[in-house]
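Dear colleague,

I am handing over the structure below, together with notes on what was found in it. Please read the notes with the coordinates open beside you.

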Amino acid sequence: MTARRVFAPRIDFSALRHELELPDGFSQGAQDEAEAAAQKRFEDRDDRTELAFVTIDPPTSKDLDQALLIEKRGDGYRVYYAIADVAAFVQPGGELERETWQRGQTVYLPDGKVPLHPPVLSEGAASLLPDQTRPAVVWTIDVDAQGATTAAEVGRALVKSRAKLDYEGVQQDADANRLHPSIALLPELGRLLVQQSLERGAVNLPLPEQEVEPDGDGWKLTLRAPVAVEEYNAQVSLLTGRAAAQIMLGGKLGLLRTMPPAPPETVEALKLAARALHIEWPDGATPGQVIAGLDPGRPRAAALLDQAAEMMRGAGYTPFDGAPPDQPLHAAVAAPYAHVTAPLRRLADRYVTEVCLALHAGAEVPSWARAALPKLPEVMTRTDRVAGSAERAAVDLVEATLLEGRVGEVFEAAVLDVDRAKHRADIAIDQPPVRARCEGELLPLGERIAVRLTEADPAKRKVEFQESRGQGEGVQQRA
C-alpha cells in the first residue's frame, strides 16, 4: 500500500514549558556575567592548537562539548579528547553559577532548548566551534591493542577544531572509506572498546529513539536507530569517564555516576523471556553479549530489549570524600564511571572535571568544587526528571496529535511488554512510529498483532489501543 504522510499541524509547546516550570531566559545579572566572560582571553595556557581536533554532533547543534583526535601509537592508540572548559567562564559564587544550579542541565523540546548556560557561552565563546581557538580541558588517553587503558592525563590548554561533523555524514564517510584523518581510526578503536566492554560485562541497549522533527509548517515523528559511529563516539566518552573515575578513586574524592548490578532474579527473568521469545542465549553469555547480537527492528528482539530495560534501575550520583563508595560501579559500563564530557549541557561535569584536574596535578582541589560534590546528586536527580518528562511529554503530545483523527482505525503493532494481570501491553506501531498502551486478552509477547485505536487526546497527551482479533482488514502496514 502507499505510505501516508504522517504530519502534525504546528503545535504550541508553551503549555508544556509552563507545566514543567521551565525558565524563560536568564536573569540580567547572569546574562551580564556571561557576556563579560565571553570576552576573556586565555593566552597563558598551553597551546595545543596543532592538534587537529574535530567534533561529531547532530547537524544543528551549536553547543559543542567535545572534540576528538585519534592517533596510532605502537600497536595501540592515543586518544586526545578536548572538553569545553566551562569553569573558565563561570565565576564561583556569581549569579550565573547560581542560575545554572537551578537549571541543572539543558532541557530539549522540539521548538527549542532551555539551555544550562546563556547561548553567548554555550553556543559561542565556550563552544568548540570549528576554526575558533578555545579554552579546553584536554584528556590524553593511551589504549593498548586489547582495548585497556594504559595511561591517562588531563590538563588545560587552547585548542582549535578543524571541522564540525555530524553522525550521518561520518557514517557515510566510514562506509565509503573516506573518513576525516582525525577520526579515521574511530571505527577500529570503537569496535575494540565495544568488545572490551562486553567482555567486562557491560550492557548497551540499542533502542531506536522517537524524535519530533519540524516538517514544513508542522511536525513529524520519526524513529531513529543510532548509527554505528555514534556508538563508537560514545565509547570514547565512556573511556574518558572511566579514566576520570580512576583519578577520583585514587584521590579519594569525587562524584561517580553509579548503577547497582541487576539482581540475579532480574537476569534470570530476562533469560526466561529470551526462551519464550525463541531467542538463543548461549551458555556463559552475559546479558550484554546477547543484547549486542539483537536486531531492534525485529519484534521479538525489540520485546527482549524492552525487558532488558528492567536491569537498568537505580542510576544515581554518588559523592565521596575519603573512603571510596561501597558500590562504585556503573553496571551498564561494568566499571567505575563519571560524567565529565558534557559540561555545557550538564552541571555536574564542570565540578567533576575540576576535581580531576587538581588531583591529577597533585594540587589542592578548589574549595568551591569540593563543597559542590555532596549537593550535586539532588540537583541532577531533580533535573533528570524534568528533562525526561519534557522529552516524553513532547512525544506524547505529537503522538496524540498525529492520531487524533484516526480513532477507530486498525494498525499492525509489535507487542513489547505484557501485563497479564491487568490485560494490557505496551505496543509499537510502525507508521507513525508510536508506542502506546493496548488493552486485550491474548497479547502475545514479541509478536505482531492487529490493534484498533480507541483514544487519541492531545489535551491529555494520551493514546490507547484495543486488541483487534480477527479484524485484519484495513490494517495500516509498515511504510
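Leaving aside its neighbours within four places in sequence, D306 is in contact (contact meaning heavy atoms within 4.5 Å) with L416, D417 and R435. This residue belongs to helix α10, residues 299–308, where helices (H or I, at least four residues) and strands (E, at least two) are DSSP runs numbered from the N terminus. D306 is buried, with a relative accessible area of 12%; buried means under 20% relative accessible area, exposed over 50%, and partly exposed in between, with a 1.4 Å probe and protein chains only.

Please bear in mind that this is a predicted model, in which local features need pLDDT of at least 70 and side-chain atom pairs count only at pLDDT 80 or more, while totals for chains, interfaces and linings use all residues. Residues are numbered from 1 along each chain as its sequence is written, and side-chain values use heavy atoms, with hydrogens and water left out.

An unreviewed UniProt entry places the feature "domain: RNB" at residues 45–362; UniProt positions are given in the numbering used here, feature names are shortened, and annotations may be inferred rather than shown by experiment. Over residues 45–362 the chain is 34% helix and 27% strand, with the end C-alpha atoms 18 Å apart.

Helix α11 covers residues 347–361, and at 1.5 Å a residue its 15 residues should span 21 Å, which agrees with the 23 Å between its end C-alpha atoms; the expected span is 1.5 Å times one less than the number of residues. Twelve of the 15 residues of α11 are buried, so this helix is largely enclosed by the rest of the structure. Among the buried residues are L347, D349, R350, E354 and C356. Just after α11, G362 takes a positive phi of about 70 degrees.

In soluble globular proteins, nonpolar side chains tend to be buried together. Returning to L376, its contacts, leaving aside neighbours within four places in sequence, are W101, L255, L347, A348 and Y351.

The axes of helix α6 (residues 186–200) and α7 come within 8 Å and cross at roughly 60 degrees; axes are lines fitted to C-alpha atoms, for helices over the stretch in contact, and angles run from 0 to 180 degrees between N-to-C directions. Residues making the contact include L186, P187 and G190 of α6 and V229, E231 and Y232 of α7.

S127 sits in the loop between α4 (119–125) and β7 (133–143) and is buried, with a relative accessible area of 0%. Q289, in helix α9 (residues 287–292), counts as partly exposed at 35% relative accessibility. The C-alpha atoms of Q289 and V203 are separated by 7.6 Å, although the two residues are 86 residues apart along the chain. Q289 also touches L198 and G284, not counting residues up to four places away in sequence.

Finally, some points on the backbone. A cis peptide bond, with omega about 0 degrees, joins Q431 and P432, and P432 lies in the loop between β16 (424–429) and β17 (435–439). D131, in the loop between α4 and β7, has a phi near 65 degrees, a positive value in a residue other than glycine, and is exposed, with a relative accessible area of 52%. K252, in the loop between α7 and β11 (253–258), has a positive phi of about 60 degrees although it is not a glycine.

With best regards
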